[in-house]
Amino acid sequence: YTPAELLGQPSSLLYDEAAQRSLAEQWKKRQAGSVAPYELEMRRKDGQGIPVFLSPIPYRDANGEVLGRAAVIRDLSTLRRVERELAAARARLEFLLASGPAMIYAKQADGQPTFVSGNVARALGYAPEDFLGDLEFWASRLHPEDRERVLASQAVLFERGKLVEEYRIRTADGSYRWIRDDAQMVLDAAGAPGEGIGAWVAVTD
């Protein structure tokens, strides 16, 4: 619409019945003192709906009586499109991580895991969440003959920025599998160690 086409027209030109009810409810809240902005859908001239962020502001006379209202409206179409694209990209990435042979992980400088890909359940029998929030979960499942060596080598990742080693880890059914652990350090904006990212790959069944 052009500004001239909108002047003097009823709100039904821009809003369907559901949006008009939402506007009426929000207006009552604003008259009662609530001023929080909200989202709803407006209607273009061609009938297409567009999501908007609306911030109505009542204007009053010297006695505080409401004379009318103004509004700042922000088109959210681009934001919603980007959100859909990101959601689709994330779904594709999650599928690739879950179906691939490499178990991807990330961990803090103290060794605390912050992410483990879903395919760890298929390879080792544990849920990704089992590794999160428990620094000892991974360490306690290292083979007794490998544990001291592997734990001692973790400092190498943060000193040299890269670490590749093989060790045995106990699976959920009690058996052990050899895995290759290939990790590297990611630096933060200041150049300090940020987090370690890596991949576990089973080298034997």
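This report looks at the pockets of this predicted model and then at its aromatic rings.

## The largest pocket

Let's begin with empty space. Rolling a probe the size of a water molecule over the atoms shows where such space is left. The largest pocket holds about 310 Å³ of space. Its lining is made up of 18 residues, with Ser11, Tyr15, Leu23, Arg69 and Ala71 nearest the centre.

Helix H2 (17–31), strand S2 (49–60) and strand S3 (66–75) each give two or more residues to this lining. H2 gives the most, with five residues. By type, the lining has twelve nonpolar, four polar and two charged residues.

## The second largest pocket

The volume of the second largest pocket is about 240 Å³. Of the 15 residues that line this pocket, Lys107, Gly111, Leu135, Trp138 and Gln154 lie nearest the centre. Strand S4 (103–108), helix H6 (135–139) and helix H7 (144–160) each supply two or more lining residues. Eight residues of the lining are nonpolar, two are polar and five are charged.

## Rings that meet

Now for the rings: the structure has six aromatic pairs. One of them joins Tyr126 and Phe131 edge-to-face, at 5.9 Å centre to centre and 85° between the planes. Tyr126 and Phe131 are both buried. They also belong to an aromatic cluster with Tyr105, Phe137 and Trp200.

Which residues sit over rings through their charge? The charged end of Lys107 sits over the ring of Trp138, 5.9 Å from the ring's centre. Arg141 lies over the face of Phe137, 3.6 Å from the ring centre.

Terms used
Residues numbered from 1 in each chain as written. Predicted model: local features only at pLDDT ≥ 70, side-chain atom pairs only at ≥ 80, totals over all residues. Heavy atoms only, no water. 1 Å grid on protein atoms, 1.4 Å probe; cavity = no way out; pocket = protein on both sides within 12 Å on 5 of 7 lines; lining within 4 Å. Points joined across faces, edges and corners; volume = space filled by probe spheres on them. Helix = DSSP H or I, 4+ residues; strand = E, 2+ residues; numbered from the N terminus. Nonpolar A, V, L, I, M, F, W, Y, C, P; charged D, E, K, R; others polar. Phe/Tyr/Trp six-rings, centres within 6.5 Å; stacked < 30°, edge-to-face > 60°. Buried < 20%, exposed > 50% of the residue type's maximum accessible area, 1.4 Å probe, protein only. Lys NZ or Arg CZ within 6 Å of the ring centre and 35° of its normal.
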